[in-house]
Amino acid sequence: MCHTIKTLLCDFGVNPAVHELDEIPRGRDVEQALSRLGCNPSVPAVFIGGELVGGANEVMSLHLNRSLIPMLKRAGALWV
């Protein structure tokens with residue numbers, strides 16, 4: 001699902017900051033912190049404009065109800 005969300009955002013022209021938890025030191029600690037924030041599963045955890053949006057289901061719901069692109073524009077992630 002992480003790849004799917006990353007692809008969706010890149011297809012819109014967003015250049016997301018991606019943190020691969022299995023490739024960084026203390027990635028397991030980050031994953032546990034995301035779980036405590038309510039992310040279940042903990043990845044992907046999508047933040048837009050510094051705010052936790054949620055995981056793949058939440059991002060896809062935003063996309064399907066046409067709220068994702070306006071949210072990305074408000075955060076300055078899209079200029080078009």
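## Basis of the model

Helices (DSSP runs of H or I, at least four residues) and strands (runs of E, at least two) are numbered here from the N terminus. This is a predicted model, in which local features need pLDDT of at least 70 and side-chain atom pairs count only at pLDDT 80 or more, while totals for chains, interfaces and linings use all residues. Residues are numbered from 1 along each chain as its sequence is written, and side-chain values use heavy atoms, with hydrogens and water left out.

## The largest pocket

By class, the lining of the largest pocket has 19 nonpolar, 5 polar and 4 charged residues, where Ala, Val, Leu, Ile, Met, Phe, Trp, Tyr, Cys and Pro count as nonpolar, Asp, Glu, Lys and Arg as charged, and the others, Gly among them, as polar.

## The second largest pocket

The second largest pocket has a volume of about 180 Å³. Of the 13 residues lining this pocket, Asn40, Pro41, Gly55, Ala56 and Glu58 are the closest to its centre.

Strand E2 (51-54) and helix H3 (56-64) each contribute at least two residues to the lining of the second largest pocket, with H3 giving the most, 3 residues. The lining of this second pocket divides into 7 nonpolar, 5 polar and 1 charged residues.

Ser42, found in the loop between H2 and E1, counts as buried because its relative accessibility is 7% (buried means under 20% relative accessible area, exposed over 50%, and partly exposed in between, with a 1.4 Å probe and protein chains only). The side chain of Ser42 makes a polar contact with the side chain of Glu31 at 3.1 Å (a pair of N or O atoms within 3.5 Å, one able to donate a hydrogen and the other to accept it, with residues adjacent in sequence counted only if both atoms are side-chain atoms). Leaving aside neighbours within four places in sequence, Ser42 is in contact (heavy atoms within 4.5 Å) with Glu31, Leu34 and Ser35.

Glu31, partly exposed at a relative accessible area of 25%, also takes part in one of the 2 salt bridges of the structure (a side-chain nitrogen of Lys or Arg within 4 Å of a carboxyl oxygen of Asp or Glu). The partner of Glu31 is Arg28, at 3.4 Å from N to O; both residues lie in helix H2, 3 residues apart, about one turn of the helix, and Arg28 counts as exposed at 53% relative accessibility. A salt bridge also joins the side chains of Asp29 and Arg26, at 2.7 Å from N to O, where Asp29 is partly exposed at 35% relative accessibility and Arg26 is exposed at 62%.

## The loop between E1 and E2

Gly50 lies in the loop between E1 and E2 and counts as exposed, because its relative accessibility is 67%. The C-alpha atoms of Gly50 and His3, which are 47 residues apart along the chain, are separated by 20 Å.

Key:
1 Å grid on protein atoms, 1.4 Å probe; cavity = no way out; pocket = protein on both sides within 12 Å on 5 of 7 lines; lining within 4 Å. Points joined across faces, edges and corners; volume = space filled by probe spheres on them.
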